[in-house]
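Let us walk through this structure step by step.

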Amino acid sequence: MSMKQKRASLFVVLTMLTSLLAACGGNNNNGGNAPAPANDGAASNNGAAVNGEAAADGEKKLEKVELTWYLLGDAHKDQDKVVAEFNKMLSKDLNATIKLNFTTWNDWQTKYNLLLTSGEKVDMIFASSWSDYYKLAKQGAFLDLKDLLPQYAPTTWGNVPKQDWESVTVAGGIYAVPNTNAEYTPDGFVYREDWRKELNLPEFTDVNSIEAYLDAVKTQKKVTPINGAAYENVQRLFRTWYDFQPIGSDVIGATSYDAPRDIQVIPFTAQFEEWVKRMKTWADKGYWNKNALSSKQEAGDFIKTGQGAYYWRNPSSAGGFINEITAKQLKMEIGYFPFTRFHNYVIPTLPIANGMAIPKSSKNPERSLMVLDKLRNDSAYFNLLTYGIEGTHWAKGEDDKTIVIPAPGVDLNKTPRYDIASWGWRYEPNMKGEKGGWAGLDKLKEEFKPISKPDIFGPIYMDYEPVKAELAAVNQVFEQYGKPLMLGLTSNVDASLMTYRDKLKAAGIEKVLEYVKTEANKYYDEKGIQ
Amino acid sequence: MTGKHGLMRELSRNKTMFLMIAPTLIFFIVFSYVPMVGIYYAFTKFDFEGGLFGSEFIGFENFRFLFESGLLWNLTKNTVLYNLAFLIIGNVMQLVCAIFLSQLPGKLFKKSAQSVMFLPYFLSWVLVGAFVFNLFSDLGVVNTVLKQLGMQPYDFYIQTAPWKYIIVFFSVWKGLGYGTVIYLAAIMSISDELYEAARIDGANIFQQIRRITLPLLKPTFILLILFSLGGILKGQFDLFYQIIGSNGMLYDATDIIDTYVFRSLTVNFDIGMGTAAGLYQSFFGFILIMSVNTIIKKTREDYALF
């Protein structure tokens with residue numbers, strides 16, 4: 001082998017590898033490798049400068065700025081057009097423009113966390129209890145808005161109820177602007193009402209009636225009722241049926257709403273054992289597929305094509321689902337059953353179930369707040385960014401509170417419904433109902449009002465710092481053994497239940513349980529909950 | 001000669017040479033060496049106030065979750081074995097294909113065969129994951145065929161046995177075209193004179209391959225293996241995540257360090273623990289490549305990397 005030969009082959013290999021490396025280098029998001037700029041000092045300097053500036057110049061002279069906003073979920077097809085309209089108004093009124101970015105729903109949680117930890121300049125971001133608002137606020141991911149709000153968002157500061165501001169207060173600071181739209185989002189499911197009637201099945205009242213429906217759909221309609229990804233569908237039925245109140249994760253929770261201090265490891269309970277045995281029979285009868293854990297398709301997508309019959313939803317997303325079925329003129333009647341009827345109470349959402357926050361990295365927090373104030377309270381701004389362009393995505397209804405979707409002459413198949421995750425800036429007086437929308441939603445609201453009980457589990461704040469290694473191990477065990485067991489996919493339930501429990505113990509579940517108990521009791525003591 | 005003096009003289013003597021290498025050096029310093037500072041995250045309790053250096057130093061606390069689960073050995077074993085299978089089967093297949101292609105007469109067929117082999121390389125794993133699901137799911141191609149033939153359908157998604165082969169197959173299939181091109185280029189650089197001489201001596205085509213092509217490809221082969229060895233503890237996250245997803249039934253046979261870390265940390269996002277896991281992989285990869293290189297240097301100095 002000559003030296004020349006060796007060099008030639010080395011050269012070829014290196015060229016190929018370099019091109020490969022260069023191609024990969026762009027998206028090498030290896031978590032820890034990017035050094036985060038120390039932006040703390042910069043942010044506080046900025047705040048001081050701004051206060052001075054505002055005091056000196058009043059409100060007249062505003063420098064031109066571009067703000068970066070982030071929302072969860074996916075952009076609409078016409079997003080650029082909508083934002084361009086929005087910016088036209090905004091640059092006139094506040095000499096600002098926004099750049100609206102989206103995380104997409106795929107892996108949104110990872111992206112969301114990375115946005116905050118990487119120190120990327122973001123001026124406004126969606127925040128909510130279900131995206132760890134309390135934890136992130138305590139860790140210092142967001143800017144304290146307490147002193148900025150009265151000055152830069154005076155309208156919002158005035159029209160958000162005082163108890164809502166209190167509910168987002170973490171360690172004396174206000175780190176987000178909660179939405180103002182009391183809602184109930186209990187779990188439930190949409191189903192084929194026409195099939196239920198056709199097969200002469202009773203109205204749903206309990207799990208037995210649900211089982212009868214699933215069985216009839218499977219045996220008589222020859223359709224797999226929970227088609228696609230099944231886990232969430234089954235898990236939510238389980239926890240509402242037994243009234244478990246999970247705290248922090250699916251594995252640990254209070255045994256019922258009335259016994260908040262009775263916190264247990266859910267898989268260690270007798271109810272769990274009874275349930276997974278039942279689920280084994282459901283799985284064997286084929287109520288869902290053997291590949292239910294690997295399927296990435298939503299159960300609801302199969303209902304639309306007539307190949308499914310059960311899909312968990314909360315009332316408003318059920319409304320969206322039913323409206324879509326109606327708009328597409330699919331020949332089926334969809335019903336909705338809320339699980340609240342099992343135990344006859346419902347928990348309203350926390351104010352910060354949806355909200356907007358400003359990350360520490362923001363360069364223009366005060367302007368961003370001014371834009372938010374406009375967006376929430378000025379209906380021209382609100383309608384545009386929430387419902388889309390008038391005449392294209394919606395049209396005025398008979399009164400001010402209703403809109404028509406789609407706008408006359410618009411084909412929903414070409415211009416889909418404008419439904420970005422606009423929940424963070426909801427302000428009830430500005431919100432509109434949809435004409436011809438699902439009437440069930442209002443009926444449910446009436447049903448819920450008298451049985452509403454306050455949320456005593458949501459605000460329990462936990463960062464798991466002392467037990468994070470155990471928590472990681474527990475998550476792992478839950479994924480590997482808990483999920484298949486819940487879906488009855490293992491061949492021997494007794495043996496796999498024993499394995500699951502043993503593995504949880506080995507992973508240190510007791511330590512996590514102790515931690516959750518301590519934190520929960522701390523919260524209950526503070527609020528005087530027994 | 002003192003170091004400094006020598007360096008200055010070296011610099012001034014080979015100015016042009018150093019100027020030419022500068023972009024590469026800067027590239028690696030900026031994109032590979034400076035970011036290494038981030039390793040420090042593995043030893044801190046991250047908080048937003050402090051950032052990288054302001055966060056509290058907690059030593060090896062972040063590594064605890066890796067060792068405490070008791071799964072580390074199984075995960076490391078899976079990762080290494082899968083990568084070895086990818087490496088060896090992949091390279092051998094690529095080599096064989098390259099030799100076949102080089103011996104094929106007819107330019108058109110050769111080119112089109114090469115293109116067809118190269119295509120899967122451009123597919124994303126998301127797409128490949130969808131293929132796999134549609135092949136092996138309850139109503140997938142394989143089970144439909146089995147049913148048509150009057151056989152029992154097979155529940156791929158709750159059996160661990162077939163997945164080793166499925167995963168290795170798809171990995172090899174996807175990388176085949178790319179690797180083949182590298183070997184083909186190496187074969188093309190072999191001088192025709194050698195083959196001509198062999199033919200005159202009466203060597204048939206198999207003898208030519210055995211006595212000329214293969215020995216001359218050995219350095220390329222070893223080089224590619226050596227390059228890949230450094231990453232042997234780094235699993236192909238995309239591949240495993242897209243094909244297996246969150247199906248716990250299959251983890252015993254298919255879980256690698258990367259998917260394990262991803263799963264453990266998505267619920268409680270922690271930058272320190274994530275970095276710790278990455279550091280564990282890099283550190284052992286480094287040790288591995290250093291020792292293999294040393295062994296090769298001792299035995300066959302020509303083939304060593306550095």
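In which hand, left or right, does α3(A) pass α16(A)? The crossing is right-handed; a crossing counts as left-handed if the near helix is turned anticlockwise from the far one by less than a right angle, and right-handed if clockwise.

This is a predicted model: local features need pLDDT of at least 70, side-chain atom pairs count only at pLDDT 80 or more, and totals for chains, interfaces and linings use all residues. Residues are numbered from 1 along each chain as its sequence is written, while chains are lettered from A and ligands numbered from 1 in the order in which they are written.

Stay with the helix pair. Its partner α16 of chain A covers residues 365-377. The axes lie 12 Å apart, at an angle of about 120°. Axes are lines fitted to C-alpha atoms, for helices over the stretch in contact, and angles run from 0 to 180 degrees between N-to-C directions. From α3(A), L90(A), D93(A) and L94(A) meet R367(A), M370(A), V371(A) and K374(A) of α16(A). Contact requires C-beta atoms, placed from the backbone, within 7 Å.

Now take V83(A), which sits in α3 (residues 79-94) of chain A. Beyond neighbours within four places in sequence, V83(A) contacts I98(A) and L100(A). V83(A) is buried because 20 other C-beta atoms lie within 10 Å; the cut-off for buried is 20 or more, for exposed 12 or fewer, with partly exposed in between.

Finally, the domains. An automatic or database assignment gives chain A domain 1 (62-180 + 351-428) and domain 2 (231-287 + 462-530).

Terms used: Helix = DSSP H or I, 4+ residues; strand = E, 2+ residues; numbered from the N terminus. Contact = placed C-beta atoms within 7 Å.
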